[in-house]
Amino acid sequence: IFATCGDVLTTRYVGLGNYCNRGEHGIETLGLLFSYKCMFPENFILLRGKHVCVVQNRVLCVCSGLSCEHGFDFLQRLERPTDIPDEGFLCDLLWAEPDLHIAGFSDSIRDGNKFGPDVVQNFLRANNFEMMCRTAVVDEGFEWFGDTKLVTIISVANYAGEFNNKGAVMLIDDNGNATFSVFESGAAPKAPRQRSLSPSSA
């Protein structure tokens, strides 16, 4: 990924979570990521469920999802470090899943916390973001959530040795254009496919 997508000296990377125990060489991978974080702290951001990152004041990066309990301003005021509870706002950031078949939020013991496309659109509009990205296993390495500006990315091909998924990396240039470099397990990332972040491209 680093050889194809850019040197860590000149390229800023944001990791969305799930850094180890997801495939071969997990300890080596985590050690490399931590080393890069120590060496290039401004260019290397490693998120966990209670953390977020905003790219170019346009793209919100989270581990998983959105919550009905609080908005983005609440997240900015949270004291850190803090523990992740079994329910509530921080738990939703870590575990909530998008669902095209619902409107608003759904919270059930059987299906877990879910949110619909309208939640994404309203959240982005209210907070002046153009796009949101999260991580989960998807077959093609990246997947748009319907007609919304939410994209799910998985950068590990053949996740945990149990899935036949591709991996992908999203690159955002200075003009806000997103490209996706997709790769198979054990293969180098392919040439990026471009998709603009402008509203007309959703």
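**Strands, salt bridges and aromatic pairs in a predicted model**

Strands β8 and β10 run parallel and are joined by 4 bridges; strands here are DSSP runs (E, at least two residues) and helices are runs of H or I with at least four residues, numbered from the N terminus, and two strands count as paired if DSSP finds at least two bridges between them. This is a predicted model, in which local features need pLDDT of at least 70 and side-chain atom pairs count only at pLDDT 80 or more, while totals for chains, interfaces and linings use all residues. Residues are numbered from 1 along each chain as its sequence is written, and side-chain values use heavy atoms, with hydrogens and water left out.

Strand β12 (residues 177-183) is mostly covered, with 7 of its 7 residues buried; buried means under 20% relative accessible area, exposed over 50% and partly exposed in between, using a 1.4 Å probe and protein chains only. Asn177, Thr179, Ser181 and Phe183 point one way from β12, while Ala178, Phe180 and Val182 point the other way, and all are buried.

On to the charged side chains. Side chains of opposite charge can pair when their charged atoms come close. With a salt bridge taken as a side-chain nitrogen of Lys or Arg within 4 Å of a carboxyl oxygen of Asp or Glu, the count comes to 4. One of them joins Glu130 and Arg58, at 3.0 Å from N to O. This pair links distant parts of the chain, 72 residues apart: Glu130 is in the loop between α5 and β8, and Arg58 in the loop between β3 and β4. Glu130 is partly exposed at 27% relative accessible area.

Asp99 and Lys114 make another salt bridge, with their closest N and O atoms 3.6 Å apart. Here Asp99 is in the loop between β5 and β6, Lys114 is in strand β7, and 15 residues separate them. Asp99 counts as buried at 14% relative accessibility, whereas Lys114 is partly exposed at 22%.

As for the rings, the structure holds 11 aromatic pairs; rings of Phe, Tyr and Trp (its six-membered ring) pair if their centres lie within 6.5 Å, with planes under 30 degrees apart called stacked, over 60 edge-to-face and the rest tilted. Phe2 and Tyr36 have ring centres 5.2 Å apart and planes at 85°, so this pair is edge-to-face. Phe2 lies in helix α1 and Tyr36 in helix α2, so the pair ties together parts 34 residues apart in sequence. Tyr159 and Phe163, by contrast, form a tilted pair, at 5.8 Å centre to centre with 55° between the planes. Finally, Phe2, Tyr13, Tyr36, Phe40 and Phe44 form one aromatic cluster.
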